[in-house]
Every structure is written in structure tokens, then in C-alpha cells.
Amino acid sequence: MNTEPDHTGQDHAGQDFEIFLVAAPGLESVLCAEAVDRGFANPTAVKGGVTVTGGWPEVWRANLELRGATRVLARIASFRAFHLAQLDKRARRVPWAQILRADVPVRVEASCKGSRIYHAGAAAQRIERAIAEELGAPIVKAAPKPTGKNAAKSAAKDAPEEDTRAVQIAVQIKARIDDDLCTISVDSSGESLHKRGHKEAVNKAPMRETLAALFLRQCGYDGREPVPVVDPMCGSGTFVIEAAEIAAGLKPGRSRSFAFEQLANFDPAVWRSLRGDGTATAPAVRFYGSDRDAGAIAMSRANAERAGVSAWTDFAHHAISDLTPPEGPPGLVIVNPPYGARIGEGKSLIPLYHAMGQTLKTRFAGWRVGIVTNEAALAKATELPFKEGGVSVSNGGIRVTLYQTDPLP
Ligand SMILES: C[S@@+](CC[C@H](N)C(=O)[O-])C[C@H]1O[C@@H](n2cnc3c(N)ncnc32)[C@H](O)[C@@H]1O
């Protein structure tokens, strides 16, 4: 390991280091609360994510258990680099062979901010060369990032998939040079963690699972309290399936593969014991989705089946005007109604939001409500008593806000 001051703390021979949990910007503190709940060490919310500390099994566990993290980065080295020759030399001292495999392709992505090294391409090239020459792993060139006047548009368009280019290769190294400090991380996740591996069928504008889980948690739903959850515009069923999985104690990463399985330090026996046998605990309540689109209901049922929660979920084909509360205690209504792509485009939806608000106000006394939408005017049209303070986050490139109520009178 580098002898330079190492902000990751330790080396990687079985000792603790910093693990960065990437969060949707705006929801860092919600992910931090989840990391605390799951027993990770030293969770701290920072811009863009949460830091925790641990060894490799904790990296694997974060990928397996955290519902709100978009990806998990293992910080493997941190050193000062004032010029490219120094970067070259210090990058060669990273113990690549302890982490990467010589037969697994690697892609390096670099960024520079406020540093004497300002050329990200040149920085990435030095690190690629260090890996190729010190370890012999094949290097896959990073696709060029969009530049020029369409870059911002294209970045927004790319946002939902959060760097799908990483999907084709096994392992990605991220180097960040900030204020002359170079931090090198391995992306241990691979495909973005919202891909749980169960959803084949998706409707228009599905909610990402990671966001759905964080919104559920923001609404105070963490599966401990046995309350039913209702989504009356469920689309592909994301909220309902997430809520049922949470209540059943099913780990979100139980069915998918991860980039860390391609690393030199991967231990299949430890991983098998972390994953466990995947048995679910039957929840004490049920989870309900409905939608006026018959195709959406068929998708929701198929997705619930694949996720192993169909025994506790009910999906019905009807419009929200026909919604009635299920038997049993009041719980949470969480809904992501249609919205316009841009502010102001949703005007035609005001009657729909108004009708939804009336249905909830008249039939759902005692229930809490969470509505995810992109325009304050649409939320207002429901005439529901929303609390202050929803933060705006990006869902598929559109800024959305969670509007929440206390139990309705
Ligand atoms: C933005 S999508 C919801 C996406 C969903 N959260 C998911 O993850 O797939 C909005 C849904 O509202 C449904 N919808 C629109 N108007 C409705 C109405 N009046 N009653 C019931 N569902 C309606 C649409 O069919 C669509 O599936």
C-alpha cells in the first residue's frame, strides 16, 4: 500500500477502509439512516452519498442489503499527486494484485477538480498503464463523455441508467483527483443497484427501486411496523414489491450478480453465508397495487412473482376513483401519479390530482400519504395537508419531490 497519507485508513489485507455508498443527491441522510439500521460502522452522510468503514465482506454486505444505495465504491488508495509523473509512480504502488484479477478487463475513469493535474484523460491513462504493466489486466477504454452544448442534455438523459457503459465490463476503477489528492476506488457493484434482477416488465416511467425504497423510508416505512401499503397507480409495481420485500426481510441483492465477484479477493464461501438461504418471513399485513391500465397490472403480478412476494401482494385493475381501503389497520398510501416532463406541462393533470386527493380525504382517514410528483401545483391540487420540507431528487432525469402527510383526519 502507499506510504503516503492514506485517507482510506488501512491497507486491504483484511483491514478496514472507507466504503462510499452512492445515493441519489438529496437523499443522502435517508440512506445514512438505512446504513445505521443495517449496522454499518461510522455512517456519515456527505454530498452524493454516505461513507462507512469496513473490510471487503462489508462491501459485499452493503451491495446485498442496502436498498437505497445506487452503487458501492471501495476506496482502495488515496495519495497526493501534484503532477503526472508522481501519479504514475504512486499508482504503481497500489497493491493491484490483491484487488484485481489479471484475467478480468478493467476500465478506468478519472476526474480532476481544483488540482495541478487537470487533464482527466491523461490521469486515467497513467492509472491504466500502471494496472496493465504491474498486473497485466486487459484495459478497456472508457467511452468518451459527451461534450459541447448537448452534454448537459445528454447527461440528464443518461441519468436514469447511471452509467450503463459500465455494464459491458466486469470492473471499473474510479480515480478522483481533488485538491491534488488522488482517491482511487473500485466500483464493487457493476450494474446500478436499482436493478434488483426481478423486474423484466416495466411500464412507462417506472420508479427506480433504490428511490422507491428511500421514499418508503422517508415515509417512516421500514418494515418494522406491520402496516399495509397501497399504491393506487402502481405501474410496474415498484413501491408495492419493495414494501413487501422489506416486510418479508428479503435482501434486495439476493438474485443478482455484482462486479466484486470478479475481484481477486472475492471469497465465495463468505458470500454464500452472507446471502443465507433467502427464506422470507411472512409479513403480518398485505401490500396492494392498482392501476387503470390492465397491462400494468399484468406486469406488476409478473414482477411480484419473480421477486417471490406474490403471496403477500394483491394487484387489481381499476381507476383510482374506485379505490377503497383494504380491511385491517390503516397504513401508508404511496403513489407516483403521471406527471408532465417539464414544469407547467402537467396542467391537464390537475383534475386527476384533485380527484385523487378527494378519494384519499374521504375514504382513507388514519392513513398516511406520500405522493411523488414533479410540480408543486399538482401536489397542491390534491388539497391534502402536506408537511413542509420535501427535497427534490432526480428520477429518470426529471426532478421529483415526495410530498407527505401525517395520518389523515
Ligand atoms: C408514473 S406511472 C407509475 C409508475 C410506477 N410507480 C412504477 O414504478 O412503475 C403512473 C401510473 O398511473 C396510472 N394511472 C393514470 N391515471 C390513473 C387513474 N385515474 N387511476 C389509476 N391509475 C392511473 C398509469 O396507468 C401509470 O401506470
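**Close-up views of a predicted model**

Glu383 sits in the loop between α12 (376-381) and β13 (392-395). This is a predicted model, in which local features need pLDDT of at least 70, side-chain atom pairs count only at pLDDT 80 or more, and totals for chains, interfaces and linings use all residues. Residues are numbered from 1 along each chain as its sequence is written, and side-chain values use heavy atoms, with hydrogens and water left out.

View A. Glu383 has a phi near 60°, a positive value in a residue other than glycine. Most residues other than glycine have a negative phi. Glu383 is partly exposed, with a relative accessible area of 46% (buried is under 20%, exposed over 50%, partly exposed in between, with a 1.4 Å probe and protein chains only). Now look at Asn42, which lies in strand β2 (residues 41-46); helices (H or I, at least four residues) and strands (E, at least two) are DSSP runs, numbered from the N terminus. Its phi is near 55°, again positive in a residue other than glycine, and Asn42 is exposed at 54% relative accessible area.

**View B. Helices α3 and α5 cross.** The axes of α3 (residues 84-92) and α5 (residues 120-134) come within 9 Å and cross at roughly 35°. Here, axes are lines fitted to C-alpha atoms, for helices over the stretch in contact, and angles run from 0 to 180 degrees between N-to-C directions. On the α3 side, the contact is made by Leu84, Leu87, Asp88, Ala91 and Arg92, while α5 brings residues including Ala122, Arg126, Ile127 and Glu133 (contact means heavy atoms within 4.5 Å).

View C. Is Arg368 buried or exposed? Arg368 is buried, with a relative accessible area of 17%, and lies in strand β12 (residues 368-373).

**View D. Cys112 without a partner.** The structure holds zero disulfides (a disulfide is a pair of cysteine sulfur atoms within 2.5 Å). Cys112 counts as partly exposed, at 23% relative accessibility.
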